[in-house]
Amino acid sequence: MPELPDVVVYLEALDRFVVGRVLRRIRVVGVSLLQTFDPPVSSAEGRVVAGTRRLGKRLVLALDGPDELYLVIHLMVSGRLRWRDEVGAKPPGRIGLAAFDFDAGTLLLTEAGKRKKASLWLVAGRDALLEHHDRGGVEPLEVDLDGFREVLGARNRTLKRVLCDPTAFSGIGNAYSDEILLAAGLSPMQRTADLADDQIARLYEATRSTLVDWTERHRRSVGDGFPDKVTAFHDDMAVHGKYNQPCPVCATPVQRIVHADNEINYCPRCQTGGRILADRSLSRLLKDDFPRSIEDLER
């Protein structure tokens, strides 16, 4: 699922490619994509894209006009945006969900796989936008250390769960939480109530440095183009998706916890004092404190 670094770079590309341009036509071909009917999606046609913003993992395109219309896109796990210089480009085969036609080209919304979870909304008014699409989590690159500590102390959760919770932190998901926790040297299963002050400070700095680092990496990769290789798995990641591969810090094989459709990756030497976190022994904990799927996280 695209997370904060990926969404930021998507929005920066949209700023270059569509902001200031007229949205001539919206072609929705995915039957499950559109989540609203009032206002009708056709009312967005003929509007100029005035700007963009991020709400958690949602991409927001603000349209001009006194009624303050917003297009909101949630890519979920497999949704992706693609730019084509061809005006009126056709959405590709079985993965095409929608096409947004501009005078300089077409923005395509695609989703691989059989389970179509990506969503599109047209929302009228800023209040409605925030009410329905702002999950309430603090911005991890804007909150100070005291605010970060306050969020961690609000509920006694595992670190993995609280980092991925959109009502706690905005824009962090499964991939970057794995990387953050390795950088902080903390177990994904450590409870927030048990954190010492120095551990909170380490987690705060690791969160900021990891998200800034990966945002910059994606920016360099994309350059002035449009992101076309957005994925949750990158060769340069330290632990996420690296099961049984050597940790780049200590060379210990990376371990994982698999629970339903979700996976936690960690280094036992760097994060858990050499202990392997067995799935069976954690099954009750995970049932109580971790969703069964990424879709559950987003709900």
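One term before we start: contact here means heavy atoms within 4.5 Å. Keep in mind too that this is a predicted model.

**Stop 1: helix H6.** Select residues 197–222, which make up helix H6. At 1.5 Å a residue, its 26 residues should span 38 Å, and the end C-alpha atoms are 38 Å apart, so the two agree. Now colour the buried residues of H6, among them Ile200, Leu203, Tyr204, Leu211 and Trp214. What do the buried residues of H6 pack against? Show helix H1 (4–17), helix H3 (145–154), helix H4 (159–164) and helix H5 (174–184), and you have the answer. Just after H6, click on Gly223, which takes a positive phi of about 60 degrees.

**Stop 2: the sheet.** Next, bring up the strands. They form an open sheet of 8 strands in the order S5-S7-S6-S1-S2-S3-S4-S8, with antiparallel pairing. S5 and S8 stand at the edges with a single partner strand each, so one side of each has no neighbour in the sheet. Turn the view and follow the twist, which averages 25 degrees from one strand to the next.

Zoom in on strand S2 (residues 47–55), which pairs with S3 in the antiparallel sense over 6 bridges. Pick Thr52 and look across to S3, where Leu61 is its bridge partner. Then bring H1 back: this helix lies across S2, S3, S5 and S7, running at about 165 degrees to S2. Helix H2 (residues 126–133) packs on the sheet as well, touching S2, S3, S4 and S8, and its direction makes about 35 degrees with that of S2.

**Stop 3: the cores.** Select Leu14, Leu59, Leu71, Leu81, Phe100, Leu109 and Phe226. Of the 33 residues in the largest nonpolar core, these touch the most other members. Which element gives the most to this core? That is H1, with 6 residues. Now centre on Phe100, whose contacts include Leu23, Ile26, Leu71, Ile73, Leu107 and Leu120. A second, separate core of 26 residues includes Val143, Ala168, Ile172 and Met237.

**Stop 4: the cysteines.** Finally, how many disulfides are there? The count comes to 0. Select Cys247: the nearest cysteine sulfur, that of Cys267, is 3.7 Å away, while a disulfide needs the sulfur atoms within 2.5 Å. Cys247 is buried, with a relative accessible area of 3%. Cys270 is in no disulfide, with the sulfur of Cys267 3.6 Å away. Is Cys270 buried or partly exposed? Cys270 is partly exposed, at a relative accessible area of 22%.

Terms used
Residues numbered from 1 in each chain as written. Predicted model: local features only at pLDDT ≥ 70, side-chain atom pairs only at ≥ 80, totals over all residues. Heavy atoms only, no water. Helix = DSSP H or I, 4+ residues; strand = E, 2+ residues; numbered from the N terminus. Expected span 1.5 Å × (residues − 1). Buried < 20%, exposed > 50% of the residue type's maximum accessible area, 1.4 Å probe, protein only. Core = buried A, V, L, I, M, F, W, Y, C linked by side-chain atoms within 4.5 Å. Pairing = 2+ DSSP bridges. Axes fitted to C-alpha atoms, helices over the stretch in contact; angles between N-to-C directions. Lists of a residue's contacts leave out its neighbours within four places in sequence.
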